[in-house]
Amino acid sequence: MADRNPFLPVSSSDGFNPTGTQVNRRKLIKQLLTIFVGLLAVGLFAALLIGNNGSDNAHVNENEHGSLASSTSKKPESLRPVSRGPAAGVSEKSNRPFANVDGNLPWNNSMLSWQRTAFHFQPEKNWMNDPNGPLFYKGWYHFFYQYNPNAAVWGDIVWGHAVSKDLIHWLHLPLAMVADQWYDKNGVWTGSATILPDGKVVMLYTGSTAEAVQVQNLAYPADHSDPLLVHWVKYHGNPVLVPPPGIDEKDFRDPTTAWLTSEGKWRITIGSKINKTGIALVYDTKDFINYEQLDGVLHAVPGTGMWECVDFFPVSKTEENGLDTSVNGPGVKHVVKVSLDDDRHDYYAVGTYHEKNSTWIPDQHEIDVGIGIRYDYGIYYAAKTFYDQNKNRRVLWGWIGESDSEAADKQKGWASVQSIPRTILFDKKTGTHLVQWPVEEIDSLRLNSNEFNQVTIQAGSVVPLDIGPATQLDIIAKFEIDKEALEKTTGSNLTFSCSTSGGAAERGALGPFGLLVLADESLSEQTPVYFHIAKGSDGNLKTFFCNDQSRSSEASEVNKQIYGSIIPVLKGENLSLRILVDHSIIESFAQGGRTVITSRVYPTKAIYGAAKVFLFNNATDASVTASLKIWQMNSAFIRPYPNDKKS
């Protein structure tokens, strides 16, 4: 039953047009009817053509491969899979380099079963992407997500919903919101939750209309006394925001969590672009129904393209805890994070927020949003944070997509997982970075452990680690390179890059060295996670943190990129590393989470009991000493909520 006391006082004018909403709604409905009639005529014409000239098989081939060839035609060898997302107005959701149109997949059912994770969140089946509206409410952590209930590919997007007591063990609830209104008929897209001072919850989300216009909508729990928040009500006056003048109808999406201004208004930002300049529009509201667009933008960066999934939040310069989104003042910096539609990576920068003119200025323009630091240098996108008032921390979620073929995803029946939730703090040591670390609750899955202290790894050697099963692991490691070798090594003018310098097999004077995970006995399959130190001709050292997927699988149609970045290593710091291995996911955190790399790997041999871990040092001039502790990890408990206990 709907809450008799709405989430906020009713607007003084029930017929108020929020930012031209009523006018735009009539316009959109008129356009929708026109398009429907047109599509009906086209459909009838197409049906006649197919009836006269085509066959059922030809129609199937068009759906599966984007080709008009009949079933007797020879398939083009270089055919790419159908693009999913851009035509509707969002980033590409298909892993297009790997088509596998001939259907000869390198996987058997045993291999595909192994790929499913044990302690990362994912639905029971089908497609998942962006995290939406995470929050802590009445003793439960809530996680909503973009979900296709019908297939293991992007499309038919609704909101999935799950709850947890500890962010690790999850219970699946019924769908929170489905595409059942004209303003979200083409998809219930990404949104954010705001908890009001009285404890009630509002949710703003992007809806894609039947004509693919992106509009912002309001929803709220039907019953605020229900800790599970099972039922949601969409505001009868939706949409509450439509694209403003000068903004394309497909470039207006993903509202943030709202924060309070000193005037008592709520403020949000929404991602967009003008030409190739990424921007964050700013709106104020008193009731989440009526909005005022503020002059200018929160921030803009030329050349970065469309900004998706913008996030804006404060971090403390002095404390080791998170801050509520509305906190501002001395000792506080603000973070702007964007997901770049053009390259599908998440970038952030630390800076100063000016409330009076609703702008944000980066501390260092050379590492501004979209051109500087990334949350994660692997597969990680559409990240969203929330303030966890239960433990006074800010928690980060991120979508980890697949990097195999779409055909493989269809065969296994699911696609994508979420990262382990991460706490996120300002890195006081660098003043430029954030540090991310798996939430402390993940430690509860640790089982038996093995320790290896002061292991010397000679240049050019590999050391096996006898730990037993190696597909569910938590690894903590520290490395110390020979100091004499550091001093004696001659510098070079050569420029090092993780992605272009040959990976872990390319030997240098001072690296690479680190760990081989998900490796088989013969090392024909392996995923190195490693450091590489480069010494310049000026004698200065630069440290790089990399993940090499080039030999992660003998299968051909999987991503085999080499990921990584330069990482600040300050005076007196040892090189440190934490790796979470969970079947086909490897999450790696260097220097306390200053730099993070997430990868998806799909081995054919290094699975089940055949998966092993090795230390390696492929430097030419230096030995390395390593100390490690490795835990076997239990599986998380992720299942449907008991039907008889749902509210």
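**View 1. Val581 and its opposite number across two strands.** Val581 stands opposite Ile586, a residue of strand S33. Here S32 (residues 575-582) runs alongside S33 (residues 585-590), and the two pair in the antiparallel sense over six bridges. A quick word on terms: two strands count as paired if DSSP finds at least two bridges between them. The strands themselves are DSSP runs (E, at least two residues), numbered from the N terminus. Keep in mind that this is a predicted model, where local features need pLDDT of at least 70, side-chain atom pairs count only at pLDDT 80 or more, and totals for chains, interfaces and linings use all residues. Residues are numbered from 1 along each chain as its sequence is written, and side-chain values use heavy atoms, with hydrogens and water left out.

**View 2. The six-stranded open sheet.** Zoom out and you'll find S32 and S33 in an open sheet with the order S25-S36-S27-S32-S33-S34 and antiparallel pairing. Strands S25 (446-457) and S34 (595-600) sit at the edges with a single partner strand each, so one side of each has no neighbour in the sheet. From one strand to the next, the twist averages 15 degrees, with axes taken as lines fitted to C-alpha atoms and angles running from 0 to 180 degrees between N-to-C directions. What holds strands together in a sheet? They pair through backbone hydrogen bonds, either parallel or antiparallel.

**View 3. Asp341 meets Arg253.** These two side chains form a salt bridge (3.5 Å, N to O), meaning a side-chain nitrogen of Lys or Arg within 4 Å of a carboxyl oxygen of Asp or Glu. Asp341 is in the loop between S15 (332-340) and S16 (345-354), while Arg253 is in the loop between S8 (232-234) and S9 (259-260), 88 residues apart. Is Arg253 buried or exposed? Arg253 is buried, at 1% relative accessible area; buried means under 20%, exposed over 50% and partly exposed in between (1.4 Å probe, protein chains only).

**View 4. Lys428 reaches Glu320.** This salt bridge comes in at 2.2 Å, N to O. Lys428 lies in the loop between S23 (422-426) and S24 (434-438), and Glu320 in the loop between S14 (307-316) and S15, so the pair ties together parts 108 residues apart in sequence. Lys428 is partly exposed at 38% relative accessibility, whereas Glu320 is exposed at 58%.

**View 5. Asp427 and Arg594.** Their side chains meet in a salt bridge (2.7 Å, N to O). Asp427 is in the loop between S23 and S24, and Arg594 in the loop between S33 and S34, 167 residues apart. Both Asp427 and Arg594 are buried.

Terms used:
Helices (H or I, at least four residues) and strands (E, at least two) are DSSP runs, numbered from the N terminus.
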